[in-house]
Amino acid sequence: MTTPHFSPPFFSLPLPAPPSAGRAQRRLPPSSRLAPGPGHLPSPLSFPSPSFPLLPPAPPWPGAVTAMAPAADREGYWGPPTSTLEWCEENYAVSYYIAEFWNTVSNLIFILPPIYGAIQTYKDGLEKRYLAAYLCLTAVGLGSWCFHMTLKYEMQLLDELPMIYSCCVFVYCLYECFKYKNTVNYPLLFLLITYSFVVSIVYLNLKEPVFHQIMYGTLVSIIVLRSVYIVLWVYPWLRGLGYTSLTVFLMGFFLWNVDNIFCDKLRALREKMPPVVGAVTQFHAWWHILTGLGSYLHILLSLYTRTLFLKHRPKVKFVFGIWPVLLVEPPKKH
Ligand SMILES: CCCCCCCC/C=C\CCCCCCCC(=O)N[C@@H](CO)[C@H](O)/C=C/CCCCCCCCCCCCC
Ligand SMILES: [Ca+2]
Ligand SMILES: [Zn+2]
């Protein structure tokens, strides 16, 4: 915890006290989220020499509010961040066009496998709710891509709100696994839509990341409890899939915390490493990869449970020997 993340203010904006040193999940104060105006001056910071040789020189962004940026951050195509949060990865260190490069590209795991899953679900004629589950994951990935690429507040909402909606779809799928086909649980649907609506409205007004994290964590806990119930009491042979999904997800959460708590140390470490090796220490990107995989495996668990209940004879197969997908056969007619 050596370097505070916020440099002292350069000019007289009313800046709040910096958050505890070392926390990467920096909350950007409202003053840094104002549109650039006449009072905003170019950055006083001198940026370190780029770690990536082909980068264009870090230009002073016209009107940029960069007085609070950590020294390792640079300015780039999308202008100063307007999000209420940002992460440990050094801004515009790899590309002038992508604010947090590794945090951006790691979202591919939320985008490509779920698209494949959605196509397969559609082809197999499985229930639309599973199509929605896969597509929600893709939506999270696209939103998160846009957020980490730009660090803009509107894009942050495209990342964070779909996380809540996806969880609600997952909860519905998981709590309706043992119902007959073509039934709709209207009270549960109403509850989840209301939850999504209330969380969205409160978050849009409150703009408090911790609120979003608590609301998201609550839904994840509900999903975990139900999954554990299913693999303990209903289909014990699905324990492998269930516990793998949970472990991978929790490892991601652990690394999310490591990235937040030890950001200063990680940044210092990266300065001593070649860029590509340093990329391995981008733990927010690892959080994407692990939660992407954990969530995908969770959909497989939920779909396996459902198709087993509907007597579709599901099987997990590994594409290219590594990537798990679910294959189903229609139920036998008697
Ligand atoms: C049995 C396995 C359970 C798996 C549950 C799967 C639920 C998945 C639901 C949605 C998929 C989204 C995955 C995460 C996307 C991450 C995108 C992202 O990084 N967003 C950040 C901005 O870039 C955003 O600000 C991050 C917020 C993170 C919040 C973390 C909150 C805490 C999570 C708590 C986990 C509790 C586990 C409790 C276990 C009993
Ligand atoms: Ca950053
Ligand atoms: Zn992220």
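## Starting at ligand 1

How far does a polar side-chain atom of His284 lie from an oxygen atom of ligand 1? The distance comes out at 3.2 Å. Keep in mind that we're looking at a predicted model here.

## The pocket around ligand 1

Let's zoom out a bit. On its own, ligand 1 would expose 1,000 Å², and the protein buries 92% of that. The space that ligand 1 takes up is the largest pocket. Which helices give two or more residues to the shell around ligand 1? They are H3 (128-150), H4 (153-175), H6 (209-234), H7 (239-261) and H10 (283-309).

In total, 30 residues surround ligand 1. The closest are His148, Asp159, Glu160, Trp287 and His288.

## The zinc site

Ligand 3 is a zinc ion, and three histidines hold on to it: His148, His284 and His288. Each of these uses its NE2 atom, at 2.0 to 2.2 Å. Along the chain, the zinc donors follow the spacing H-x135-H-x3-H. His148 belongs to helix H3 and His288 to helix H10, so this pair links distant parts of the chain, 140 residues apart.

Are His148 and His288 buried or exposed? His148 has 0% relative accessibility, so it counts as buried. His288 comes in at 3%, so it counts as buried too.

## The calcium site

Now for ligand 2, a calcium ion. Its donors are Glu86 (OE), Trp87 (O), Glu89 (O), Asn91 (OD1) and Glu100 (OE), at 2.3 to 2.4 Å. Written as a pattern in the sequence, these donors are spaced E-W-x1-E-x1-N-x8-E. Glu86 lies in strand E2 (residues 85-86), while Glu100 lies in the loop between E2 and helix H1 (101-105), so the pair ties together parts that are 14 residues apart in sequence. Glu86 and Glu100 are both buried.

Asn91 is in the loop between E2 and H1, and it's buried, with a relative accessible area of 3%. The Asn91 side chain also makes a polar contact with the side chain of Glu86, at 3.2 Å. Trp87 is found in the loop between E2 and H1 as well. Its relative accessible area is 5%, so Trp87 is buried.

## Across the model

What about longer distances? Going from C-alpha to C-alpha, Trp87 is 34 Å from Arg239 in space, and the two are 152 residues apart in sequence.

You'll find Leu189 in helix H5 (residues 186-206). With 30% relative accessibility, Leu189 counts as partly exposed. Between Leu189 and Met251 there are 31 Å from C-alpha to C-alpha, and the two are 62 residues apart in sequence.

How values were computed: Residues are numbered from 1 along each chain as its sequence is written. Chains are lettered from A and ligands numbered from 1 in the order in which they are written. This is a predicted model: local features need pLDDT of at least 70, side-chain atom pairs count only at pLDDT 80 or more; totals for chains, interfaces and linings use all residues. Side-chain values use heavy atoms; hydrogens and water are left out. Donors are N, O and S atoms within 2.8 Å of the metal (3.2 Å for Na, K and Ca); water is not among the atoms, so sites may look incomplete. Helices (H or I, at least four residues) and strands (E, at least two) are DSSP runs, numbered from the N terminus. Buried means under 20% relative accessible area, exposed over 50%, partly exposed in between (1.4 Å probe, protein chains only). A residue is near a molecule or strand if one of its heavy atoms lies within 4 Å of it. A polar contact is a pair of N or O atoms within 3.5 Å; within protein, one must be able to donate a hydrogen and the other to accept it, and residues adjacent in sequence count only if both atoms are side-chain atoms. Accessible areas come from the Shrake-Rupley method with a 1.4 Å probe; for residues, only the protein chains shown count as cover. On a 1 Å grid over the protein atoms alone, a cavity is a set of points where a 1.4 Å probe fits but cannot get out, and a pocket is an open set with protein on both sides within 12 Å along at least five of seven lines; lining residues have an atom within 4 Å of a point. A molecule sits in a cavity or pocket if more than half of its atoms lie within 2 Å of its grid points.
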